[in-house]
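Trainee: I would like to learn how to read a model like this one, feature by feature. Could we go through it together, beginning with a single residue and widening the view from there?

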Amino acid sequence: MSDASSIQKANPGVNDAILQVDHLSMKFGGLVAIGDLSFQARRGEITALIGPNGAGKTTVFNCITGFYKPSEGMITLNRRDGSSYLLERLPNHEIPARAKVARTFQNIRLFSGMTLLENLLVAQHNKLMKASGYTILGLFGFSGYRTASAESIDLARHWLEKADLVNRADDPAGDLPYGAQRRLEIARAMCTGPELLCLDEPAAGLNPKESMALNALLMDIKDNTGTSILLIEHDMAVVMQISDHVVVLEYGRKISDGSPHAVRTDPRVIAAYLGVEDEDVETVLIEVGDEDVIEQLDTGPDSTHGPDSSSSYFAGPVSDTVGHSEGERVTVSKGASKAGQVDARSGAAARPASPAEAEPAAKPSAAKSSAAKPAAKAPAKPKTPGDSNRGGGNE
Ligand SMILES: Nc1ncnc2c1ncn2[C@@H]1O[C@H](COP(=O)(O)OP(=O)(O)OP(=O)(O)O)[C@@H](O)[C@H]1O
């Protein structure tokens, strides 16, 4: 049940940020899927949330849309009318209705036996029920219902046109090609009148032509409705073309946040993501021109993060040590990822080497190399208490 605390207050001015995520964390037992994540999505913009598989993107969506209740943190939705909602406190069925957040899923969830038009009318069911006065009589005589019904059909037609699907309005949704089904899902979400539209991998499985049609639809929504979009997407062509702002996750932590161009040239992102295989990381970094990073990035395998280990198990800290559901304690390692190694390199460069790590003055290049790779080369047992959260796995 919602309570007054779900609504913070009516703000006098409209906040620039439609969504504000503060120190969000989501733990599944000992697995930290999201660790201390903060970011903003600005009103009227397309914000992309990207990162490798398992980085925690869908978990963020699930927290925003009420499917999960976060372990920690705050998610604030600022509506155009000045009201603000703490989404983690709203029951999930109230998030679309009150906070005006709509979403699509990674896998298509249409009513495939119903026509396209029917799919879009079902999305407006709440509005129609309200107009009927929640009585069967309302369905037959109530003028308010007839008006609402006509408006719903108009809105459905409008979004079918926008999605370039109006000619197929009476066909079963299941008969549509894949890309058209994706657009229909977005049209259906738009029929609920969202202020924030969350799209989970809308371009997955689309061919280039379908991708272009999707981009056009999303740009149309952005330019002509005022609806803000939060987008999870692996297709970098889509992300780079239409996003105003990109937030990059790796192992549940934010590793970069900025314009598409800034993110694209961020060595931490290149190392962690953007489709770069381990062996290609150096090549891409050379293209970007950051030779310092190239020298210091260890692209070798990390024994604690083989293909079978869950990356998010080691996600960055809300606290460095988290309690496991069965009482064991799990130490969260920060030195696991390539992005982490880039970060660690910056820290190592700033920190004077300990006597044990120092190389003889006659070998300056080796000394640099040693200091440059603290994460990947961290010993099994920390040398100093200050190093106790580096290089460790389970304790
Ligand atoms: N309900 C759950 N119970 C336990 N672990 C979960 C649950 N949901 C997600 N996880 C774990 O949380 C981590 C993040 O998963 P999530 O699906 O959010 O990643 P993602 O970035 O969306 O990945 P992808 O790009 O492959 O969809 C993964 O390790 C996943 O196994």
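Trainee: Is Leu-199 buried or exposed, and why?

Mentor: A residue is called buried if 20 or more other C-beta atoms, placed from the backbone, lie within 10 Å of its own, exposed if 12 or fewer do, and partly exposed in between. Leu-199 counts as buried because it has 27 C-beta neighbours inside 10 Å. Bear in mind that this is a predicted model, in which local features need pLDDT of at least 70 and side-chain atom pairs count only at pLDDT 80 or more, while totals for chains, interfaces and linings use all residues. Residues are numbered from 1 along each chain as its sequence is written.

Trainee: Which residues is Leu-199 in contact with, leaving aside its neighbours within four places in sequence?

Mentor: Contact means that the C-beta atoms of two residues, placed from the backbone, lie within 7 Å. With those sequence neighbours set aside, Leu-199 is in contact with Thr-104, Ile-186, Ile-229, Leu-231 and Ile-232. Phe-105 is 94 residues away from Leu-199 in sequence, yet their C-alpha atoms are 6.8 Å apart in space.

Trainee: What is the strand order of the open sheet, and which strands are at its edges?

Mentor: The open sheet has 6 strands in the order 7-8-9-4-10-11, with mixed pairing. Strand 7 (101-104) and strand 11 (253-258) are the edge strands, each pairing on one side only.

Trainee: Which strands does helix 8 touch?

Mentor: Angles here run from 0 to 180 degrees between N-to-C directions, with axes fitted to C-alpha atoms, for helices over the stretch in contact. Helix 8 (residues 208-225) packs on the sheet and touches strand 4, strand 8 and strand 9, its direction making about 150 degrees with that of strand 9.

Trainee: Where is a positive phi found in the hairpin of strand 5 and strand 6?

Mentor: Strand 5 and strand 6 (residues 83-86) run antiparallel and are joined by 3 bridges. Their hairpin has 4 residues between the strands, and Gly-82 takes a positive phi near 95 degrees there.

Methods. Two strands pair if DSSP finds at least two bridges between them. Helices (H or I, at least four residues) and strands (E, at least two) are DSSP runs, numbered from the N terminus.
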